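Good morning, colleagues. Please have the sequence and the model before you.

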Amino acid sequence: NMTPSFSTDIVHLAFQKWGIKLKKGSKTWSGSCPVCREGDDRLIVWQEGNYICRVCGTKGWLLSLKDLSPTERAYREKHLQKTEEEEKQRRAERLADWQSGFRAGLLISWHNMGQPQLDYWHSQGIPDWAIEQYNLGYCDKKLFQGQDELLFESPAYVIPIRDPIDNKLVNVQYRLTELPANGGGKYRQEPDLPAAAFYAEQGRLSGPVIVVEGSKKAIVMYNLLDKTIQIVGMPSQSPAGSLIKALGQFSEVFLALDKDIGKLDKSGYDAAVKRYGALLKGKCRLVPLSRKIDNSAIRYGMGKSGFLDLMHMARRV
């Protein structure tokens, strides 16, 4: 017999497991991810009890598979594979639709900024060559989704994100200047697209790599190190596993992650580091940082030699 759904228990089980409240959709439930804490609707739970986060890729079951009978376990594992394949196909189709419909003229218009916006980029440690090379910009009005799926409007600074191999636009990073009263992060990517990592240099996919959090930090560090090493800016501290695994082509992976990142406490930071180590066995080194890496460079005068000294002290993960 096929395992029946236990939809009446979904909300209760999620609250017991993580202390989060799920919202009911037409066929699924959604809520904030207990791992990456991104958004309030990125965790998707199906009526069969399996879940996946569309930001960091965390997945599993509300009830442990080991507690099920062999028949139930086989059914649920088959269902999980099916829903993962459907989700992967859906995201690929969504990306293709977005790429074909996104107007390149928007990036051009956003790139034509005034002096106040240029001054902002400069204040963030980003020079003119980077503003031009990465087509950085500013949009004075854009809709974003806030808590409870309510839309709100905010100006935003713009960083296009491109595939490191074919240079196709795969997402856009927005740094909001105004946030809704009911909360939400200041950094967003295009909704309902696979979250993307920002590669500072096109085509450099071997040798060592430094991993930071966010596109802006990647540009700052690439400039600080005179463009001598690839820098990858991840969309969050706990990105999708596929984004981490893509770093396996590099010889060494130096982690320069943030410790003070809002909702995640030190245990979340430690868990993120361990996750990198588990997915990139033997390749990860943790750079010892006392503050966010871009603040060290912009506010506290850390130069190239200072960061290289920290890299030499990096420990194996």
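Two strands are said to pair if DSSP finds at least two bridges between them. Please note also that the model is a predicted one.

Strand S1 runs antiparallel to strand S2, residues 28-31, and two bridges join them. Which residue in S2 is the bridge partner of Lys23? The partner is Ser30.

I turn now to Lys168. This residue is placed in the loop that lies between strand S7 (151-162) and strand S8 (169-176). If residues up to four places away in sequence are not counted, Lys168 touches Gln99, Ile161, Arg162 and Asp163. As for Gln99, 69 residues separate it from Lys168 in sequence, while their C-alpha atoms are 8.4 Å apart in space.

Is Asp258 buried or exposed? Its relative accessibility is 4%, and therefore Asp258 counts as buried, the cut-off for buried being under 20%. What surrounds Asp258? Apart from neighbours within four places in sequence, Asp258 is in contact with Glu213, Lys217, Gln237, Tyr269 and Lys292. With one of these, Lys217, the contact is also polar: the two side chains meet at 3.1 Å.

Thank you for your attention.

Conventions:
Residues numbered from 1 in each chain as written. Predicted model: local features only at pLDDT ≥ 70, side-chain atom pairs only at ≥ 80, totals over all residues. Heavy atoms only, no water. Buried < 20%, exposed > 50% of the residue type's maximum accessible area, 1.4 Å probe, protein only. Polar contact = N/O pair within 3.5 Å; in protein donor to acceptor, adjacent residues only side chain to side chain. Contact = heavy atoms within 4.5 Å. Helix = DSSP H or I, 4+ residues; strand = E, 2+ residues; numbered from the N terminus.
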